[in-house]
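Colleague: I'd like to learn how to read a model like this one, feature by feature. Could you walk me through it?

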Amino acid sequence: MIIDVNAYLGHFAFRQLRHNTAASLLALMDAKKIDKAVVSSAAAITYRNAQAGNEEVAAEVKRHSDRLIPFAVINPFYAGWRDDLKICHEEFGMRGLRLYPKWHNYSLSDRCCLDLVNAAAERGMVVSIPLRVEDKRERSWLVDVPDLLLEEIAGLIKACPKARFILLNGIGYVNSPLGRKDSDLPSNYAIEISRLSALLENEIGQLMANLGADRLLLGSGMPFSYPDPALLKLDVLEASASDKEKIRWQNAAKWLRL
Amino acid sequence: MDSSESQQIVSRRSFLKRSAAMAVALTSTAGRVASGAEGGQSAAGTKTGPSRKTKVIDCHAHLRHRSRATWEADDRKLIEAADKLEIDQLCCSILTPRRPATADGFRECNQWVADGMRRFAGRVLGYCYVNPGYAREALEESRRCVEERGFIGVKLYNEYTCTEPVVFPIVELAIELRVPILHHAGHSHYVMEDQPRISDSGHIAELARRYPEAMLICAHVSGGGDWEWTIKALRNAPSVFLDTSGSATDEGVVEMAARVLGVDRLVFGCDTSMTASVGRIRAAELSAGDREKILGGNMEKLLRRRKS
């Protein structure tokens, strides 16, 4: 069993994506033996009204709820976010959120963001936060969106101890409180491995030692990214078979309450 | 690491054994093995995939600069990573931590590369890194490294844009010696203040028009910004090769490069982003034969052009 917690559907504003419909993503997942994937709207990253992207995803995954797990992209500074959250959770069956504070122009410490995270926590929804969408060296001439800082995320985690977080597309955790053994942060977050090294620096191994294998999740970033690099990390990782199974799917099943 | 340790690394892993597993690691469409497989055994545990005919060569690798206390262990880890990923040979350079490099600085780096070629005999191939601004020293060093030390090519970084005349004598020497030049490159849509003279694939294409007989490799398409731009700018420079390495795992880069440039112009590299770089080749929609060309066949051909 493999569960990918970091996947997307729809178009992205600055690059053509392949495998970005439910049918084509499922075909890719079949080829890579990925059983389930958490998906959100790539278009909602740049839509002003992100809910339109959530509606697109809801329509796409409708007949594939056994394999595609939809998450909602919500901008807490946009009109009607509470209504959108309610619709996404109750009507669309979305189990979590994806937040894009740098793209949607707010801070993780803003009151509205804390309200959104707490509202999601009350609903039992997971809050996932991509630290970046694409490599910053590739960015379009139209935008200059910085990566989220690990310190900003640590602040949110501390401020919302009842929420549950999944951190996506990140790197460098071992040099921050998020990846240290002795930090005073609650253990209400898990880290996805798509950008972490399994060889040389071996950040995955360091995080396993510091936080435990229970806090790591497989994610690929498909279809922005090829899924194989993330899968290969697990192949070459120096870890027990049981720890690899945790990362491959068991931890995700727990975090997503599947 | 002493030489006996390096000998152990080489001898305990025969080339043939590595080769048998190699194709599977890099051609598996499943991208994984049966659960329970431990690291290092994954490739052998998979049961599908064609047998491999050619070596896998990482055209873009680096040994560690010795100003870093852990250099020896880091070099060893690189070879161990190559073992796990079933990479047969790594074409390595060492860059100075601060650039522009001085003549003493690049000579010291090349001395360490030569030492790495001895420590990891048969695994590490050497690029001679020079700063073309030191005209006489750079030419002497390049010739000495290739002719006397057995280096396989020249590595140029960002001290000068490759279309600046100061670079031309190095290119002409590489043509004479029939060795490739791996040229650092990137194209972003903003000013890279830390690399004001970085070359992009357009510059390399322009250099290739001036020297069509040069063997130019445009570095790290997956670590050099807008890869669609990079690929398109090379379309009409048929003598330029493109190195697939880099940390960005963007889907589709290899397929676009193969479609626009042709697979014969693509050479596999990691630039120390090991799983990203192997993973993208494993993922790409390619025939087994085309994958072999990219993984090593094309680079082997390039290296065979060398003046004996």
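This is a predicted model: local features need pLDDT of at least 70, side-chain atom pairs count only at pLDDT 80 or more; totals for chains, interfaces and linings use all residues.

Colleague: How many bridges join strand E5 to strand E6 of chain A?

Modeller: Four bridges join E5 (residues 126-130) to E6 (residues 165-168) in chain A, and the two run parallel. To find your place there, look for Pro130(A), which stands opposite Leu168(A) in E6(A).

Colleague: Now chain B. What does its secondary structure come to?

Modeller: Chain B has twelve helices and eight strands. Of its 308 residues, 55% count as buried. Among its contacts with a separation of 6 or more, 75% are between residues 24 or more positions apart.

Colleague: Which residues cover the two faces of strand E7 of chain B?

Modeller: The general idea is that side chains in a regular strand alternate between the two faces of the sheet. In E7 (residues 240-243) of chain B, Val240(B) and Leu242(B) lie on one side, Phe241(B) and Asp243(B) on the other, and all are buried.

Colleague: And which strands does E7(B) pair with?

Modeller: Strand E6 (residues 216-218) of chain B pairs with E7(B) in the parallel sense over three bridges, and two bridges join E7(B) to strand E8 (residues 266-267) of chain B, also parallel. Follow Leu242(B) across: Cys218(B) stands opposite Leu242(B), and Leu242(B) stands opposite Leu266(B) in E8(B).

Colleague: Which residues of the largest nonpolar core touch the most other members?

Modeller: Those are Val39(A) and Leu216(B), in a core of 174 residues. Among the residues that Val39(A) touches are Tyr8(A), Val57(A), Ile69(A) and Phe71(A).

Colleague: Finally, how many residues are in contact between the chains?

Modeller: There, 32 residues of chain A are in contact with 33 of chain B. The largest share of chain A's side, eight residues, comes from H8(A). By type, that side divides into 17 nonpolar, three polar and twelve charged residues.

Note on methods
Residues are numbered from 1 along each chain as its sequence is written. Chains are lettered from A and ligands numbered from 1 in the order in which they are written. Two residues are in contact if their C-beta atoms, placed from the backbone, lie within 7 Å. Ala, Val, Leu, Ile, Met, Phe, Trp, Tyr, Cys and Pro count as nonpolar, Asp, Glu, Lys and Arg as charged, and the others, Gly among them, as polar. A nonpolar core is a set of buried Ala, Val, Leu, Ile, Met, Phe, Trp, Tyr and Cys residues joined through C-beta atoms within 7 Å. A residue is buried if 20 or more other C-beta atoms lie within 10 Å of its own, exposed if 12 or fewer, and partly exposed in between; C-beta atoms are placed from the backbone. Two strands pair if DSSP finds at least two bridges between them. Lists of a residue's contacts leave out its neighbours within four places in sequence.
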